[in-house]
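Subject: Handover of a structure and the findings from it

Dear colleague,

I am passing the structure below to you for your records. Please look through it first; my account of what was found comes after it.

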Amino acid sequence: MSRFRSLWQASVNATKKALTWELEEMVPPAEKCIFKFSSKEDLKRWHLYSDFEYGGLSSASLEIKDGGNGSDCTGVFSGNLSTEMNEGSKLSINRSGFCGMRSKKFDGFIDLDGYDSIAMRLKGDGRCYISTMSLMLNNIRCL
């Protein structure tokens, strides 16, 4: 589906929803979970990458860890970093030793109208990491 067509379809769907709103739908819940890690299907929404794709020796993995009560699952991202390169690698990269994950592209939008902030809940191992969030905003309002 072309990008224009998917944007048009999302606009049509949002208009239909707006015309059929009930009172409960007009007030968003206090919190909205955007990404969950409760099934193997949820893991398929993420793309893992590392310098392995460029001749490096780093690797990345993503798995589900049960929180104990059966419904509270956690996505656990882990990686092995190496600044070494494969011998005979045809690609030459300046900085090896990276791995990461990003959400795959999906059709439509996540409707966050009615919310004024986004929070990420992360648990680390004490080292420094970089996190980047890229947003496509619609109906930008100035305060």
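The paragraphs below describe the model as a whole and then turn to particular residues.

Please note at the outset that this is a predicted model. The mean pLDDT of the protein chain is 78, and 78% of the residues reach at least 70. Confidence is lowest in helix α2 (residues 23-26), where the mean is 58, and highest in strand β1 (residues 46-50), where the mean is 92.

**Overall architecture**

The protein chain contains 3 helices and 4 strands, and along the sequence these follow the pattern α-α-α-β-β-β-β. Of the 143 residues in the protein chain, 10% are buried. The accessible surface amounts to about 12700 Å², and carbon and sulfur atoms account for 53% of that area. Considering contacts in the protein chain between residues at least 6 apart in sequence, 56% connect residues at least 24 apart.

Leucine 81, at a relative accessible area of 52%, is over the 50% limit and so counts as exposed.

Their contacts can be set out in turn, leaving aside residues up to four places away in sequence. Serine 82 touches Asp51, Leu57, Ser58, Ser96 and Gly97. Leucine 81 is in contact with Ser58, Gly97, Phe98 and Cys99.

**Aromatic rings and a charge over a ring**

The count of aromatic pairs comes to 3. In one of these, the ring centres of tyrosine 54 and phenylalanine 98 are 6.3 Å apart and the planes meet at 40°, so the pair is classed as tilted. Tyrosine 54 lies in the loop between β1 and β2 (59-66), whereas phenylalanine 98 lies in the loop between β3 and β4, so the pair ties together parts that are 44 residues apart in sequence. Both partners are partly exposed: tyrosine 54 has a relative accessible area of 37%, and phenylalanine 98 has a relative accessibility of 28%.

Elsewhere, ring pairs join Phe35, Phe37 and Trp46 into a cluster. A further arrangement involves a ring and a charge: the charged end of arginine 102 sits over the ring of tyrosine 49, at 4.4 Å from the ring centre.

**Salt bridges**

How many salt bridges does the structure hold? There are 2 salt bridges. As a general point, side chains of opposite charge can pair when their charged atoms come close. Another salt bridge joins arginine 127 to aspartate 125, with the closest N and O atoms 3.3 Å apart. Arginine 127 is exposed, its relative accessible area being 57%, while aspartate 125 is partly exposed, at 48%.

Arginine 45 is located in the loop between α3 (40-43) and β1 and is partly exposed, with a relative accessible area of 34%. Not counting residues up to four places away in sequence, arginine 45 touches Ile34, Phe35, Arg102, Ser103, Lys104 and Phe106. For phenylalanine 106, which is 61 residues from arginine 45 along the chain, the separation of the two C-alpha atoms is 8.5 Å.

Phenylalanine 109 lies in the segment after β4. This residue, phenylalanine 109, is partly exposed, with a relative accessible area of 43%. Phenylalanine 109 and serine 6 are 103 residues apart in sequence, and their C-alpha atoms are 9.5 Å apart in space.

With kind regards

Technical notes: Residues numbered from 1 in each chain as written. Predicted model: local features only at pLDDT ≥ 70, side-chain atom pairs only at ≥ 80, totals over all residues. Heavy atoms only, no water. Contact = heavy atoms within 4.5 Å. Buried < 20%, exposed > 50% of the residue type's maximum accessible area, 1.4 Å probe, protein only. pLDDT = per-residue confidence, 0-100. Helix = DSSP H or I, 4+ residues; strand = E, 2+ residues; numbered from the N terminus. Phe/Tyr/Trp six-rings, centres within 6.5 Å; stacked < 30°, edge-to-face > 60°. Lys NZ or Arg CZ within 6 Å of the ring centre and 35° of its normal. Areas by Shrake-Rupley, 256 points an atom, 1.4 Å probe, with all protein chains shown as cover. Salt bridge = Lys/Arg side-chain N within 4 Å of Asp/Glu carboxyl O.
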